[in-house]
Amino acid sequence: MRQCQALGYKLMKMKIGGAPLAEDMQRIEWALEIAGGGQDLAVDANGRFDLDTALAYARAMEKYNLCWFEEPVEPLDYQAHAVLCESTSIPIATGENLFSVQDFRNLVRHGGMRTHIDWLQPDPSLCYGLTENLRILDMAERAGWARRRTVPHGGHQMGLNMAAGLQLGGTESYPGVFKPYGGFADGIPVVDGYTKPHDTPGIGMELKAEMFTQMRRLMEFA
Ligand SMILES: [Mg+2]
């Protein structure tokens with residue numbers, strides 16, 4: 001997390017659920033010392049909790065004022081989301097494992113997700129690209145969701161382009177992970193949690209030298 005801060009990031013996310021609850025709370029408190037406050041820290045359970053465990057975690061974490069609690073339960077268990085959203089003040093985030101407008105419509109209809117504090121996280125690579133993402137945004141807007149409450153999962157140039165072009169709430173980034181495909185243009189820094197879109201045509205792959213070299217090699221081989 002200190003390395004991420006040194007790279008210019010502000011809001012950071014940590015995994016939870018791999019340790020017992022009490023140990024996870026200690027881990028969160030250590031992370032908060034680095035993040036500086038709950039608004040700059042999110043937690044992600046990757047859908048591994050049953051509802052009772054998710055409720056226990058939500059209760060234990062409420063005092064930390066975290067930015068969000070991501071994938072607390074099985075992504076397609078909409079009723080579990082509804083119970084959780086009814087029971088906790090922590091913002092809930094989910095969507096990286098929902099792959100279509102139909103899935104997101106069911107989440108919005110039946111998941112009890114709150115338009116003023118919760119987050120939708122479609123992954124543009126996993127859910128049929130920009131076209132299906134536009135359908136998801138359109139459906140969510142009709143259901144009362146501001147685009148600012150959507151943060152694309154994935155952490156790449158495509159997500160950044162979408163966040164800027166569609167005025168979403170932000171985009172993920174995984175510095176050092178999923179190389180060379182993750183991350184943004186080489187020459188455009190992240191400053192205090194913000195970065196700029198590139199000004200070249202297309203997705204901007206040419207501005208990620210390592211990725212572009214690898215893709216060119218694959219294309220030429222093909
Ligand atoms: Mg996640």
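Tutor: A crossing is left-handed if the near helix is turned anticlockwise from the far one by less than a right angle, and right-handed if clockwise. Please note that this is a predicted model.

Student: Which hand does the crossing of H2 and H3 have?

Tutor: H2 and H3 form a right-handed crossing. The axes of H2, residues 21–35, and H3 come within 11 Å and cross at roughly 40 degrees.

Student: Which residues make that contact?

Tutor: On H2 they are Leu21, Met25 and Ile28, and on H3 they are Ala56, Tyr57, Ala60 and Met61.

Student: And how do H3 and H4 pack?

Tutor: H3 covers residues 51–61 and H4 covers residues 78–87; they pack at an angle of about 20 degrees, with their axes 10 Å apart. H3 passes H4 in a right-handed crossing. The contact involves Leu51, Ala54, Leu55 and Ala58 on H3, together with Ala80, Val83, Leu84 and Ser87 on H4.

Student: Why are H3 and H4 called roughly parallel?

Tutor: Angles under 35 degrees count as roughly parallel, and H3 and H4 pack at about 20 degrees; they are therefore roughly parallel to each other.

Student: Let me pick out Leu55. What does it touch?

Tutor: Not counting residues up to four places away in sequence, Leu55 touches Leu84 and Ser87. The C-alpha atoms of Leu55 and Val83 are separated by 8.8 Å, and these residues are 28 apart along the chain.

Student: Is Leu55 buried, exposed or partly exposed, and why?

Tutor: Leu55 is partly exposed, because 18 other C-beta atoms lie within 10 Å. A residue counts as buried if that number is 20 or more.

Student: Changing topic: what is the overall arrangement?

Tutor: The protein has eight helices and five strands. Along the sequence they follow the pattern α-β-α-β-α-β-α-β-α-β-α-α-α. The C-alpha atoms fill a box of roughly 50 × 40 × 30 Å along the principal axes.

Student: How does the radius of gyration compare with that of a compact globule?

Tutor: The two agree: a compact globule of 222 residues would have a radius of gyration near 17 Å, and the protein has 18 Å.

Student: What about the interior?

Tutor: Buried residues make up 36% of the 222 residues. The largest nonpolar core has 44 residues, and those with the most contacts inside it are Met61, Leu66, Trp68, Phe69, Ile92 and Phe104. Leu66 touches Gly38, Leu41, Ala42, Val43, Met61 and Ile90, leaving out residues up to four places away in sequence.

Student: Is H7 mostly covered or exposed?

Tutor: H7, residues 157–165, is mostly covered, with seven of its nine residues buried. Those buried residues, including Met158, Leu160 and Met162, pack against H6, residues 129–142.

Student: How exposed is Asp192?

Tutor: Asp192 counts as exposed, because it has 8 C-beta neighbours inside 10 Å.

Student: And which peptide bond is cis?

Tutor: The bond from Lys179 to Pro180 is cis, with omega near 0 degrees. Pro180 is found in the loop between H7 and H8.

Note on methods:
Residues numbered from 1 in each chain as written. Predicted model: local features only at pLDDT ≥ 70, side-chain atom pairs only at ≥ 80, totals over all residues. Core = buried A, V, L, I, M, F, W, Y, C linked by C-beta atoms within 7 Å. Buried ≥ 20, exposed ≤ 12 C-beta atoms within 10 Å, placed from the backbone. Contact = placed C-beta atoms within 7 Å. Helix = DSSP H or I, 4+ residues; strand = E, 2+ residues; numbered from the N terminus. Rg over C-alpha atoms; globule rule 2.2 N^0.38 Å. Axes fitted to C-alpha atoms, helices over the stretch in contact; angles between N-to-C directions. Parallel < 35°, antiparallel > 145°, perpendicular 65-115°, else oblique.
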